[in-house]
Amino acid sequence: MKNRTFTTAQITLAAIMAAILCILGPLSIPIPLSPVPITLTNLVIYFTVCLLGWKLGTVSYLVYLIIGLAGLPVFSSFGSGFGKLFGPTGGYLIGFIFMAVICGLFFEKSQNRMMIFAGLVLGSLVNYLFGTAWLAVQANLTFYQALWAGVIPYIPGDLVKILLAVFLAPELKSRVQGALGHTSAI
């Protein structure tokens, strides 16, 4: 088995993507009648895993999660701490881990935009599942009610984010690789 280590460029890019998530993650738009705001978190994760692959992309997200759990206000609406993790949106925070893995694998294994689109949809569905289940428990809702409160209103915007990632993230990756002077850096 080949021992794989990450390059300095990869680790630096992972830190930059975690920092971007820390900057964009708190920016949110509240939705009436829902404790789940609109955020750019999933979009940043899509770009992160495209640039870094599923392993380092997921690590980058985990760094963001740890920063937020440590108390820095990087979660939606400038929230932080374990209260946010155990609150109504905590399932989405955990679901993002699995979303990063799934989406990253599709970016790594396919050059076909339809397959990447399908992978991002699948990853998002897994995140929705975690988020909806936890929201139902926290808000004392049925799964169906939680689906309407935490998923259905967000689908059109999330589809736009997925399309942006499918069409723009590979081009960004190509440009970053070109700027680094080699394709094996990321």
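The predicted model holds 2 salt bridges, a salt bridge being a side-chain nitrogen of Lys or Arg within 4 Å of a carboxyl oxygen of Asp or Glu. Side chains of opposite charge can pair when their charged atoms come close. Because the model is predicted, local features need pLDDT of at least 70 and side-chain atom pairs count only at pLDDT 80 or more, while totals for chains, interfaces and linings use all residues. Residues are numbered from 1 along each chain as its sequence is written, and side-chain values use heavy atoms, with hydrogens and water left out.

Helices (H or I, at least four residues) and strands (E, at least two) are DSSP runs, numbered from the N terminus. Asp158 counts as buried at 8% relative accessibility, and Lys161 counts as buried at 10%. Here buried means under 20% relative accessible area, exposed over 50%, and partly exposed in between (1.4 Å probe, protein chains only).

The other salt bridge is formed by the side chains of Glu171 and Arg175, at 2.8 Å from N to O. These residues are 4 apart in α7 and so are separated by about one helical turn. An α-helix has 3.6 residues a turn, so residues three or four places apart point the same way. Glu171 is partly exposed, with a relative accessible area of 40%, and Arg175 is exposed at 58%.

Helix α7 has 26 residues and reaches 35 Å from its first C-alpha to its last, close to the 38 Å expected at 1.5 Å a residue. The expected span is 1.5 Å times one less than the number of residues. The helix bends by about 35 degrees at Leu168, and Pro170 follows within four residues; the bend is the angle between axes fitted to the seven residues ending at a residue and the seven starting there. Buried residues in α7 include Ile162, Ala165, Val166 and Ala169.

Helix α7 also takes part in the lining of the largest pocket, as do α2, α4 and α5, each giving two or more residues. This pocket holds about 440 Å³ of space. On a 1 Å grid over the protein atoms alone, a pocket is an open set of points with protein on both sides within 12 Å along at least five of seven lines, a cavity is a set where a 1.4 Å probe fits but cannot get out, and lining residues have an atom within 4 Å of a point. Grid points are joined across faces, edges and corners, and a volume is the space filled by probe spheres set on the points. Of the 21 residues that line the largest pocket, Cys50, Gly53, Phe107, Glu108 and Lys173 are the closest to its centre. Helix α2 gives the most to this lining, with 6 residues.

The model has 2 cavities of 30 Å³ or more. The largest cavity has a volume of about 320 Å³. Among its 23 lining residues, Val36, Pro37, Thr39, Tyr92 and Phe96 are the closest to its centre. The second largest cavity contains about 30 Å³ of space, and α2 supplies the largest share of its lining, 5 residues.
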